[in-house]
Structures are given as C-alpha cells and as structure tokens.
Amino acid sequence: MMSQTKTIDARGLSCPQPAMLARRAINELGKGTIEVLVDSVTARENISRLAQNCGWSVTVDYQPEGDCRIILVK
Amino acid sequence: MSLVSNFLMSRWGPIVTGTVIGILAPILVRLGNPGNMGICVVCFSRDIAGALGLHHNSAVQYIRPEIIGFVLGALTAALVFSEFKPRTGSAPLVRFLLGMFAVFGALVFLGCPWRAYLRLSGGDWNAILGILGLIAGISIGIAFLRMGFSLGRSRPAPRALGFVMPSVMIALLVLLLTAPQFGQDASGNVTGPIFFSETGPGSQQAPLIISLAAGLLIGLLAQRSRFCTVGAIRDVILLRDSHLLYGIAAFIVTAFITNLALGQFHHGFENQPVAHSNALWNFGGMLLAGLAFTLAGGCPGRQLFLCGEGDADAALFVTGMIVGAGFAHNFSVASSTAGPAAFGPLAVAVGLVICTVIGLTMRETRT
C-alpha cells in the first residue's frame, strides 16, 4: 500500500495556527508523509516538537528565500 | 553564541527566561517600581499613554524603560540570529482593536498576565480570580480557533517597516531622557507635552538604567525562548504541549522565592498594592483580556518581542494597547484600588461581544 502524503502551507500564519494545521494532519493521516511550509523559526520549532512528541521523524529542508519545508514521516 | 541560542531554544529556554524574570521583577519593586508590579506590560503601556498626554490621570504617567528594553532587546536578538523578518498584512486594524480591548480587560483587573502571576507570587490572592478568568478567556479563544478563526496571513514587508516600532521606542527613550516641557496650561504655567507623575504608582520607579537593562535582558532571552504568558496556557489546552508552561511555573516559583527573600510577600485579599478585591470583575476583566490576547496570538510581552522581530501587525496591537490605555482612563474603564470604575463592567461586556464577533467572523480568505 502506498503511504499517503499531505502538503500544508502555513506561511504567514500566526501562532498557534501552523501547529494546529500540522496536528490535524497528523491525526488525519496516522502515518505517511506530511510536508509543512513555514516562514518562521517559531512555527518550525513548534511543529517539530509536536511531531516528535507524536512519534514522527522530522527533517527540515531550508529554502533559499528563508522559508522552511518540514518533512514529517511515520 | 549559537550554543547559548540553541540552549534558549531548547526546553530549558522558557524555564531560564521565567527564572530570570522571576528574580528581576521583585528586585525592580525593591528598587522603586510599584508593589507586585516589577513588570506589567499593560500598566506600563498605560503609564506611557499618560506620559504622552493620552490620558490625564496624574498618578499613572511615566515612560517605562522596561517596555523600551523589551523591544530593543528582542530586536538585537532577532538581528544577531537572523530572525529579523519584517512582515505585515494580517488584519492590522483588527489587531489594533484587540490591543484596545485586551487593555480594557486587563485594566479592570489591574494587570496583564505577567502581573497576574507576579501578584500571585507576592501573596495577592485576588490574582487567583484573574488567572481563572485568563484561563477561561483563553479557552474561549481556543474554541474560536478550532472553529476556524484566523486573522489571515502576513506577508514579507520592506526591511524599513520592521524598524518603525524599534524607532518609536528609541524616540520614547529620548523623550524619557529629555522630558520636554514647552506646553502651557490655561494659567500660563509650563506643562507637558511629556507628563511624569509626582505621586502614585507612576512616580514609583526603579532607576532608569536598571529598568532599561532589565528590559533589554528580558527582551533578548524572551525572543530566543519564545516566552509567552498566554501561549503557555493555550498550548497545553490546545496542543497538549507544556513547553512554555514550564517557563511560567519557573517564573511564579522564582518570583515567590525572591519576594520571600526580600520581605515582599504579604498574603491576603485586602489592601494589596494597586489591586482591588472585587472577585467578579477580577475574573471578568481577565476573561476579556485572555480572549483578546489569544485571538491576537500571544500575550502583551510576546507582542512587544514580535515588534522587535519586525512584525508590524504586532506593532499595531501594541499601538492599540497604548491608545486603549488612554481611553480606559478617559472613559472611566480602568479600576482603582477602590474597585471597578463606573464603565469598567460595561466596557468588558462590549469587549466580549466585539471579540466574539471577531472570533466568529474572521476567516482566512486565501488557501
């Protein structure tokens, strides 16, 4: 079975919305791959912490314009 | 340098920040700031509003250096660690309104969340009602967030925009140092345009250089650790994330110990400094404040730290706080030690209605 992939664009959103979107995707998917685009270090930290607490592995891909692509896998 | 930064961004960051604030705030009281008000972002914004002549309560007028330090300290950290990202466009006018209503609520209670925790650590049990109101207000805000509330996305802005609020703070520092007096009242006496209290809480001041240094240090630490007195409660309820809550626990415990050590712990409900004991409106005031802070994304201190990162929307919230503090005194909304003022309860009711309308109607329009 192919694992599901979901992409979320959380750029420009205030706290706690990026983490809320990531949490919703984690709950919906259960396992698979989630890509979250963020433009603040705070959102990156919050999502990384949240995902790790839920047992997902976290990889951060830094984009040239200062944004981050956070890749969550379980 | 990056080792220290990484440490502050770890789970220890909020704890260290809370501990430092918990030590500094009671010391600032010892050095001259009003009782249980080593730091109060709302009270200090109100003092700044008075110093600028936006209200005429002569007991609460002073340009508080701590507020200036918060923004400039956060600016320094943001520049050093490449987190200075000027941005705007996330419903600035609504944020201005939220700043106003947050201040209305906080001035009915007589303190922002920072001071609610400090009042508790100093033995003022009225703060318990305020903190319960704060938690209730945050919970309502969370309900709106779950229903899809959003103030929309900000977008990158020219670098110059990010320096506007820090520049305003530098201008305030100049006004604090020079205190120009070239206005005249009806009798021809020299007065204003900058007003400083000669009696009352506004006249109670720690030495300027120490207040400024404390503000700068707190601004630096809080920008790195994302310390937030509202986010701490919100994240536990909404995300089951206690990262920031440990910082608040450290803040309260350390401030309690420091108050004990300095002989500043006096427990009870009556005769507490710059406080009243009306339980209903201690709760009600912070209910409104908690809701408004949650809809705006963070506590008043956090809004100042975001200003240092170049967030022009947070700057509108802060401007709303200062203007709102002026209105709060001019319209008899702000409480006194005698209790709620004539229009405090009405202002809280109106604020709750308007914040509810904002919570139910503001949605993101772009996906």
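## The model and its conventions

Residues are numbered from 1 along each chain as its sequence is written, while chains are lettered from A and ligands numbered from 1 in the order in which they are written. Because this is a predicted model, local features need pLDDT of at least 70 and side-chain atom pairs count only at pLDDT 80 or more, whereas totals for chains, interfaces and linings use all residues; side-chain values use heavy atoms, with hydrogens and water left out.

Chain B has an average pLDDT of 96, and 99% of the residues score at least 70, where pLDDT is the predictor's confidence in each residue, from 0 to 100. For the model, the scores are ipTM 0.93 and pTM 0.96.

## Helix α6 of chain B

Helices and strands are DSSP runs, numbered from the N terminus, where a helix is H or I with at least four residues and a strand is E with at least two. In α6(B), eight of the nine residues are buried, so this helix is largely enclosed by the rest of the structure. Buried means under 20% relative accessible area, exposed means over 50%, and partly exposed lies in between, with a 1.4 Å probe and protein chains only.

The buried residues of α6(B) are B:P113, B:W114, B:R115, B:A116, B:Y117, B:L118, B:R119 and B:S121. Just after this helix, B:G123 takes a positive phi of about 95 degrees.

## Aromatic pairs

Over all chains, a search of the whole structure finds 14 aromatic pairs. Rings of Phe, Tyr and Trp (its six-membered ring) pair if their centres lie within 6.5 Å, and planes under 30 degrees apart count as stacked, over 60 as edge-to-face and the rest as tilted. The rings of B:W114 and B:F227 have centres 5.5 Å apart and planes at 75 degrees, so they form an edge-to-face pair. This pair links distant parts of the chain, since B:W114 is in helix α6 (residues 113-121) of chain B and B:F227 is in the loop between α10 (208-225) and α11 (231-239) of chain B, 113 residues apart. Both B:W114 and B:F227 are buried.

A further pair is made by B:W125 and B:F265, whose ring centres are 6.2 Å apart with planes at 65 degrees, so this pair is edge-to-face. B:W125 lies in the loop between α6 and α7 (126-146) of chain B, and B:F265 in the loop between α12 (245-261) and α13 (279-296) of chain B, so parts that are 140 residues apart in sequence are tied together. B:W125 is partly exposed at 25% relative accessible area, and B:F265 is partly exposed at 21%. Ring pairs also link B:F70, B:W114, B:Y117, B:F227, B:F251 and B:F305 into a cluster.

## Salt bridges

Over all chains, a search of the whole structure finds 17 salt bridges, a salt bridge being a side-chain nitrogen of Lys or Arg within 4 Å of a carboxyl oxygen of Asp or Glu. One of them brings together the side chains of B:R153 and A:D9 (3.6 Å, N to O). B:R153 lies in the loop between α7 and β2 (155-156) of chain B and A:D9 in strand β1 (residues 5-9) of chain A, so the pair joins two chains. B:R153 is buried, with a relative accessible area of 12%, whereas A:D9 is partly exposed at 23%.

The side chains of A:R49 and B:D241 also meet in a salt bridge (2.9 Å, N to O). A:R49 is in helix α2 (residues 41-53) of chain A and B:D241 is in the loop between α11 and α12 of chain B, so this pair joins two chains. Within chain B, B:E83 forms a salt bridge with B:R224, with the closest N and O atoms 2.9 Å apart, and both of these residues are buried. Salt bridges that share partners join A:D9, A:R11, A:D67, B:R153 and B:E364 into one network.

## A nonpolar surface patch

B:I23, B:I27, B:L31, B:I209 and B:I210 make a nonpolar surface patch of about 400 Å². Patches are made of residues with over 30% relative accessible area and no salt bridge, with like charges joined within 9 Å and nonpolar side chains (Val, Leu, Ile, Met, Phe, Trp, Tyr) within 5 Å; accessible areas come from the Shrake-Rupley method with a 1.4 Å probe, and for residues only the protein chains shown count as cover.

At least two residues of the nonpolar patch come from each of α2 (12-30) and α10 of chain B. B:I27 is placed in helix α2 of chain B and counts as partly exposed at 32% relative accessibility.
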